[in-house]
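Visitor: Could you walk me through this one? I have not looked at it before, so please take it slowly.

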Amino acid sequence: MKLDIKNVIQSGKTVLGIELGSTRIKAVLIGEDHTPIASGSHDWENSYVNNIWTYNVEDIWKGVQDSYQKMANEVKLQYGVTLQSVGAIGFSAMMHGYMTFNKEGELLVPFRTWRNNITEKASKVLTELFNYQIPQRWSIAHLYQAILNQEEHIADISFQTTLAGYIHWKLTGQKVLGVGEASGVFPIDLNTRNYNHRMIDQFNELIAPNNLPWKLEDILPKVLVAGENAGVLTEEGAKLLDVTGELRAGIPLCPPEGDAGTGMVATNSVAKRTGNVSAGTSVFAMVVLEKELSKVYSEIDLVTTPTGNLVAMAHSNNCSSDLNAWIGLFDEFSKAMGMEVDMNKLYGTLYHLALHGDSDCGGLLAYGYLSGEHITHFEEGRPLFVRSADSNFNLANFMRVHLFTALGALKIGMDILLKQEEVKLDEILGHGGLFKTKGVGQSIMAAALNVPVSVMETAGEGGAWGIALLASYMINKADNEKLEEYLSHKVFAEKAGMTMSPDPKDVTGFEHFMKRYTKGLAIQRAAINAS
């Protein structure tokens, strides 16, 4: 087996994916069967400098180089060969944000990440102008806010891109983005798989009084779809990625994509009527639509798959943090009673208890709002647990209500899609910490959405694997083979997974709970106003 992999490495038939997440940069090398054969990672954190969440350029390259080197070192250790070439490379990163450069290629202001909520005025103006939801984190909102602020650098902009687009540009010389990543920069026309030109014209007209020396189409990266060639690794790029100088130039790169797109690929949910939900500290669901929504919703963001199909995204800031805090309390109790309990067993025991509670949580109510929640219109949060005198207060219901409420805000967003817009969804793929205890988070999610929920064994591979699959698709696809066909037939055909259909009793119970949840939002408001 090792000999086979060694031959694959030496013959340059592997594929490399690197993704820059908010706390970790990961490099994954995959073989011909799309299975990871080596990986390396680098931990990093954003900094809050002059009221801006940012990462400096030196840290970006240090992290990319370190994750690559750790992966290459693992190749040498495991297979006894030096990595000198691969079949293709792909880069991905957290979406949105603001990186602008002058004509000399110099960064004009520190990188502003998606985390900055400093574009409220721009977001509102552009949403009204385009009649299209423009969230604060989108790149175009950052650009327009900088214009509204009359920032000095605006006239000097020659190129604007995202973090993934910046890395790709420096390694290939190509100013491009994958369409999924581009859809978080500026709205996409679904027919052309390119920026919406009507909206570009509207934006240019909006900023015309500023007499800037550029038009929007002059500074945005070119849009490419999955499968298209996005350039090759230059001599300079090879030295920048591999500081040892072993990696050869000339390797083809796929279009750089955002973490939303690579998450869809890694969960095999790029086909219409499919979706994926990531549930951990926050929770978001992405559903591939068959047609456009009937109107604009502030609760729903619209992006695209890496092939340019429309995706509706419901994002809740709060999911499992408060739930984890309660389990931490039970851990403290166990220790105080002289019992050392394994945390996996504690989570498993308490989560499974929730399945034995009353279908509607016995009248209990909770909100896990550690931070604000835009879906329910709260700028800040207060975690709360509330019960009436006649509620059925027991441990099973207590655990059940905290699992239910972790999905409460998400359900409001998803109900817009599934009930108001009557979006058809055959199944949704679950990944993230909420699904670690087998069958529990999955069962609760199925009840919340009234849709079958599948969890795959590969769901933990993450976005670096997802972008590696996109790079593999570019060089290995058959003529006219669609991305969804490639993933279903060549990547996921043998991958094991478990599907749970919603239990009608649990679905009804969740609906009863949501009436209590919606009505009780006044309690959340009162708690915020009182402290």
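Guide: Before we start, a salt bridge here is a side-chain nitrogen of Lys or Arg within 4 Å of a carboxyl oxygen of Asp or Glu. This is a predicted model, in which local features need pLDDT of at least 70 and side-chain atom pairs count only at pLDDT 80 or more, while totals for chains, interfaces and linings use all residues. Residues are numbered from 1 along each chain as its sequence is written, and side-chain values use heavy atoms, with hydrogens and water left out.

Visitor: OK, how many salt bridges does the structure hold?

Guide: There are 17 salt bridges. One of them joins the side chains of Lys124 and Glu120, at 3.5 Å from N to O.

Visitor: Where do Lys124 and Glu120 sit, and how far apart are they?

Guide: They are four residues apart in helix α3 (residues 120-130), and therefore separated by about one helical turn. Helices (H or I, at least four residues) and strands (E, at least two) are DSSP runs, numbered from the N terminus.

Visitor: What about Lys419, which residue does it pair with?

Guide: Lys419 forms a salt bridge with Glu511, and their closest N and O atoms are 2.9 Å apart. Because Lys419 lies in helix α14 (residues 408-420) and Glu511 in helix α18 (residues 504-519), this pair ties together parts that are 92 residues apart in sequence. Both residues also belong to a network of salt bridges that links Lys411, Asp415, Lys419 and Glu511.

Visitor: And Glu481, is that one buried or exposed?

Guide: Glu481 counts as buried, at 11% relative accessibility, and its side chain meets that of Lys490 in a salt bridge of 3.0 Å, N to O. Lys490 is partly exposed, with a relative accessible area of 39%. Buried means under 20% relative accessible area, exposed means over 50%, and partly exposed lies in between (1.4 Å probe, protein chains only).

Visitor: Changing topic: what is the strand order in the seven-strand sheet?

Guide: That open sheet runs β16-β17-β15-β14-β20-β21-β22, with mixed pairing, where two strands pair if DSSP finds at least two bridges between them. β16 (300-304) and β22 (497-500) stand at the edges with a single partner strand each, so one side of each is left without a neighbour in the sheet. Inside this sheet, β14 (residues 274-279) and β15 (residues 283-288) run antiparallel and are joined by five bridges, and the bridge partner of Gly275 in β15 is Val287.

Visitor: Which strands make up the five-strand sheet?

Guide: It is an open sheet with the order β3-β2-β1-β6-β13, again with mixed pairing. Strand β2 (residues 24-30) pairs with β3 in the antiparallel sense over seven bridges, and Val28 has Ser39 as its bridge partner in β3.

Visitor: Last topic, Lys438: where is it, and which residues is it in contact with?

Guide: Lys438 is found in the loop between β20 (427-431) and α15 (440-449), and it is exposed, with a relative accessible area of 62%. Leaving aside neighbours within four places in sequence, Lys438 is in contact (heavy atoms within 4.5 Å) with His352 and Met498. The C-alpha atoms of Lys438 and Met500, which are 62 residues apart along the chain, are separated by 11 Å.
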